[in-house]
Amino acid sequence: MTFNSFEFLVFFLIFYFLYWSVFSGNLKIQNILLLISSYFFYSWCNWKFLSILIISSILFYSLGNAISKTENEKKKTFFLHIAVFQSLGVLFLFKYLNFFISSVADFLAIFNLNADIHTLKIILPLGISFYTFRLLSYILDIYNEKIEPTTNWIIFFNYVSFFPCLIAGPIDRADNLIPQLEKKREFSYQLAVDGFRQILWGLFKKIVVADSCAIITNEIFDNYQDYPASSLLIGAFIYIIQIYADFSGYSDMAIGISKLLGFSIPKNFNYPFFATNIAEFWKRWHISLTSWMTEYVYTPLSFFFRKYGKYGIVISILINFILVGLWHGSQWTFIVFGLLHGIYFIPLLLNGTLNKKNITKNGFKTFIDIITTFSIVMLTGVVFRSSSVSMACEFYINLFSSSFFSWPLITTGYMFLLVTVLYITIMFVIEWFGRQDSFGIATTFIKKSKSIRWSFYIFLALSIYYFSFSDKTQQFIYLQF
């Protein structure tokens, strides 16, 4: 059950009616309904994995309260180690065990050692990377005395399984979501309107832009050996747009649905393609993951390696981004993807601009910086999309071994490509004019006349309706992570 499915529409309409009409004003019943609905939403995907979610919630709820009540530092550390071992152990078992087994077998094969090692038939539970990080941040914040644990298990279980953010984020923090779960919620017309508007924009980015891009990128990447460099360049460009529209579209819908329920969830994307360097890009891209890794991985590492000066910072950045890549999946391509992004930070560190804001007034200079950063991200996206490192290398060789100015081969049709580029342009124009606002459409259209505003809404709705009936609809990319 995904946000763009008919099943979710039916589920949410029933839930929304009960939430605000039947149980409005009763916080406890609302939270119970929210918890049951979240478990139903998750079970719809695969009910067998619900037990992992519940057991993890029980364990971390108990450990959080145990750490808070214990004054003995050794016991606190022991409870923390249990939490870290359990969460990372489960994540390793389901997500990385087969990768580890196959990597060991490949390594032994280098020395002509044929180990009788077989991978296991393991299905990755949806959202495990997201709710594992939510659990870890909760227990680490309690251990570091940044927050107090909640004593209400219903509220804590809701924090872990909050269905708008459960299977693909954003990775919300306890200090933001738990206080909202504890506070009585009243229906807000303005918040609901903002929520519907953001859902509409998210659906447009996913169904119209991302799914159209997917048709082109799948064709090019699946047959990259047969395409000229011009087609491969188009494929690399369209893919990075696809993954942005797909994931940010999901985040927009998650935030919009949360607003409909009276919750405020921090945005996960802040117009990353308008960044002027790679450091700024990662402050704007998948913000909840970047901030999580910065606080719980990079900061401790930089403190540990501080005696090595800039070399220590380089080591910390590289380890941090290798783990960012590995978080996305158990493939060497993701590790290489993370390593490359870590390497891109080194020039910024060496020239002293890593933590400086871009204050240039030169519009052309800013434009060149944006294009350069986008190009780096776009080309690195080839590794992310490739099924293997060797495929990525072959793609790059084919991309740079022939002329970019050759006539591109597009089997999906040039008209379809032009329409897709048109919708991409519309998305970029709207976000460019709205980049200084908390939500792009607000600046661009909401402050305009009612006729212009509604004309735009109707355009979005009709586009979504038309593309919804395509037989080429794609699953959300980040559901696999």
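Which helices each supply at least two residues of the lining of the second largest cavity? In this predicted model they are α9 (229-260), α10 (278-284), α13 (332-350) and α14 (363-385). Helices (H or I, at least four residues) and strands (E, at least two) are DSSP runs, numbered from the N terminus. Residues are numbered from 1 along each chain as its sequence is written, and side-chain values use heavy atoms, with hydrogens and water left out. Because the model is predicted, local features need pLDDT of at least 70 and side-chain atom pairs count only at pLDDT 80 or more, while totals for chains, interfaces and linings use all residues.

A cavity is a set of points, on a 1 Å grid over the protein atoms alone, where a 1.4 Å probe fits but cannot get out. Grid points are joined across faces, edges and corners, and a volume is the space filled by probe spheres set on the points. The second largest cavity holds about 90 Å³ of space. Lining residues have an atom within 4 Å of a point. For the second largest cavity they include Tyr239, Ile240, Ile243, Phe281, Trp282 and Trp285. Phe337, His341, Val377, Gly381, Phe384 and Tyr478 also belong to this lining.

Aromatic pairs were counted next. Rings of Phe, Tyr and Trp (its six-membered ring) pair if their centres lie within 6.5 Å; planes under 30 degrees apart count as stacked, over 60 as edge-to-face and the rest as tilted. The count comes to 66 aromatic pairs. One of them joins Phe8 and Phe12, which are stacked at 5.7 Å centre to centre, with 20° between the planes. Both residues lie in helix α1 (residues 6-22). They are four residues apart, about one turn of the helix. Phe8 has 5% relative accessibility and so counts as buried. Phe12 is buried too, with a relative accessible area of 9%. Here buried means under 20% relative accessible area, exposed over 50%, and partly exposed in between (1.4 Å probe, protein chains only).

A second pair is formed by Phe49 and Phe94. Their ring centres are 6.0 Å apart and their planes stand at 90°, so the pair is edge-to-face. Phe49 lies in the loop between α2 (27-46) and α3 (50-69), and Phe94 in helix α4 (residues 73-110), so the pair ties together parts that are 45 residues apart in sequence. Phe49 is buried, at a relative accessible area of 11%.

Charges also sit over rings. The criterion is NZ of Lys or CZ of Arg within 6 Å of the ring centre and within 35 degrees of the ring normal. Lys95 lies over the face of Trp327, 5.3 Å from the ring centre. Arg306 lies over the face of Phe303, at 4.0 Å from the ring centre.

Helix α7 (residues 174-182) has Ala174, Leu177, Ile178, Gln180 and Leu181 as its buried residues. Seen down the axis of α7, these fall within an arc of 160°, so they line one face of the helix. The arc is that of the directions from the helix axis to the C-beta atoms. The buried residues of α7 pack against α2, α5 (128-143) and α6 (153-161).

Two residues other than glycine have a positive phi. Glu145 has a phi of about 60° and is found in the loop between α5 and α6. It is exposed, with a relative accessible area of 64%. His286 has a phi near 45° and lies in the loop between α10 and α11. At 0% relative accessibility, His286 counts as buried.

Asp252 lies in helix α9 and counts as buried at 11% relative accessibility. Leaving aside neighbours within four places in sequence, Asp252 is in contact (heavy atoms within 4.5 Å) with Gln198, Ile199, Trp201, Gly202 and Lys205. Phe187 is found in the loop between α7 and α8 (189-222). Phe187 counts as partly exposed, at 45% relative accessibility. Not counting residues up to four places away in sequence, Phe187 touches Tyr16, Trp20 and Ala192.

Key: 1 Å grid on protein atoms, 1.4 Å probe; cavity = no way out; pocket = protein on both sides within 12 Å on 5 of 7 lines; lining within 4 Å.
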